[in-house]
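Good morning. I will talk through one structure, starting with its charged pairs and ending with its pocket. Please have the sequence and the model in view.

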Amino acid sequence: LRNQNIPREEIENNMRQIFRKVTPKQELLDFVKARLVIKWKQAQLRINDSRKEVDNSVVFIQSRIKSLISMIDENKSQTVVEAYERQIEELGRQELLEKEKIAQLSNTRINFETALTSVTEVIQNPCDYWEKSDLARRRLLLKMIFAKKLAYSKSSGFETATLQLPI
């Protein structure tokens, strides 16, 4: 909008009207929420499987280290003992890497259902969220709901919006 003064209240009233129109039906929200929860749980199962694999790897490495230590005790050759010690050092590094993987996998625990509920509450009532939010959150809301920037005409208000969601 160049060289055109449009009262802020007029734009905000038009925006409120759009948000009232784009409010999705509860059935759609429930369906989408249920599907996303299923997808999240599947992802969590994959993470748990990965963690079990890493845990098994750590157990194997630890048993291999114990085995090499007992072989050192039985062996008298300095060259063989040094070779075993190098293998133990390498296995120790591998064990540390595997434990780091476990820590990373443990950090992925997020209460997805709580986060999803927060997002669906915003989508369910975008007008209330718009009223209570600062500029940064309002911009985020616009990006969540609309696929493209909204066009505004002084004579007709907001143009037809392309929605991001199946509302």
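The structure holds nine salt bridges. A salt bridge here is a side-chain nitrogen of Lys or Arg within 4 Å of a carboxyl oxygen of Asp or Glu. Before I take some of them in turn, a word on the source. This is a predicted model, so local features need pLDDT of at least 70 and side-chain atom pairs count only at pLDDT 80 or more, while totals for chains, interfaces and linings use all residues. Residues are numbered from 1 along each chain as its sequence is written, and side-chain values use heavy atoms, with hydrogens and water left out.

Take glutamate 131 and arginine 16. Their side chains meet in a salt bridge, at 2.1 Å from N to O. The pair links distant parts of the chain, 115 residues apart: glutamate 131 is in helix α5, residues 126-132, and arginine 16 is in helix α1. Helices are DSSP runs of H or I with at least four residues, strands are runs of E with at least two, and both are numbered from the N terminus.

Are these two partners buried or exposed? Buried means under 20% relative accessible area, exposed means over 50%, and partly exposed is in between, with a 1.4 Å probe and protein chains only. Glutamate 131 counts as partly exposed because its relative accessibility is 39%. Arginine 16 is at 12%, so it counts as buried.

This pair also belongs to a network of salt bridges, which links Arg8, Glu9, Glu12, Arg16, Glu131 and Arg138.

Now to helix α3, residues 78-106, where glutamate 90 and arginine 93 both lie, three residues apart, about one turn of the helix. They form a salt bridge with their closest N and O atoms 3.1 Å apart. Glutamate 90 is partly exposed, at 35% relative accessible area, and arginine 93 is partly exposed too, at 45%.

Glutamate 95 and lysine 99 are another pair in helix α3, four residues apart, again about one turn. Here the closest N and O atoms of the salt bridge are 3.3 Å apart. Glutamate 95 is buried, with a relative accessible area of 13%, whereas lysine 99 is partly exposed at 40%.

Helix α3 also holds glutamate 98. What does glutamate 98 touch, not counting residues up to four places away in sequence? The answer is Val54, Ser57, Val58 and Ile61. Contact means heavy atoms within 4.5 Å. Glutamate 98 counts as buried because its relative accessibility is 13%.

For a glutamate elsewhere, look at glutamate 113 in helix α4, residues 112-124. Its relative accessible area is 41%, so glutamate 113 is partly exposed. Leaving aside neighbours within four places in sequence, glutamate 113 is in contact with Val37 and Lys41. Glutamate 113 is 18 residues from glutamate 131 in sequence, and the two are 25 Å apart in space, C-alpha to C-alpha.

Back to helix α1. Its 14 residues should span 20 Å at 1.5 Å a residue, and its end C-alpha atoms are 20 Å apart, which agrees. The expected span is 1.5 Å times one less than the number of residues.

Which residues of α1 are buried? They are Glu12, Asn14, Met15, Arg16, Ile18 and Phe19. What covers them includes α5, α6, β1 (152-153) and β2 (157-158). Asparagine 14 is one example, buried at 18% relative accessibility. Not counting residues up to four places away in sequence, asparagine 14 touches Tyr152, Gly157 and Phe158.

Last, the pocket. Rolling a probe the size of a water molecule over the atoms shows where empty space is left. A pocket is an open set of points on a 1 Å grid over the protein atoms alone, where a 1.4 Å probe fits, with protein on both sides within 12 Å along at least five of seven lines; lining residues have an atom within 4 Å of a point. Points are joined across faces, edges and corners, and the volume is the space filled by probe spheres set on them.

The largest pocket has about 540 Å³ of space. Of its 17 lining residues, the closest to the centre are Met15, Trp130, Leu142, Leu150 and Phe158. The elements that give two or more residues to the lining are α1 (8-21) and α6 (135-145). The largest share, five residues, comes from α6.

How many of the lining residues are nonpolar, polar and charged? There are 10 nonpolar, no polar and seven charged. Nonpolar covers Ala, Val, Leu, Ile, Met, Phe, Trp, Tyr, Cys and Pro; charged covers Asp, Glu, Lys and Arg; the others, Gly among them, count as polar.
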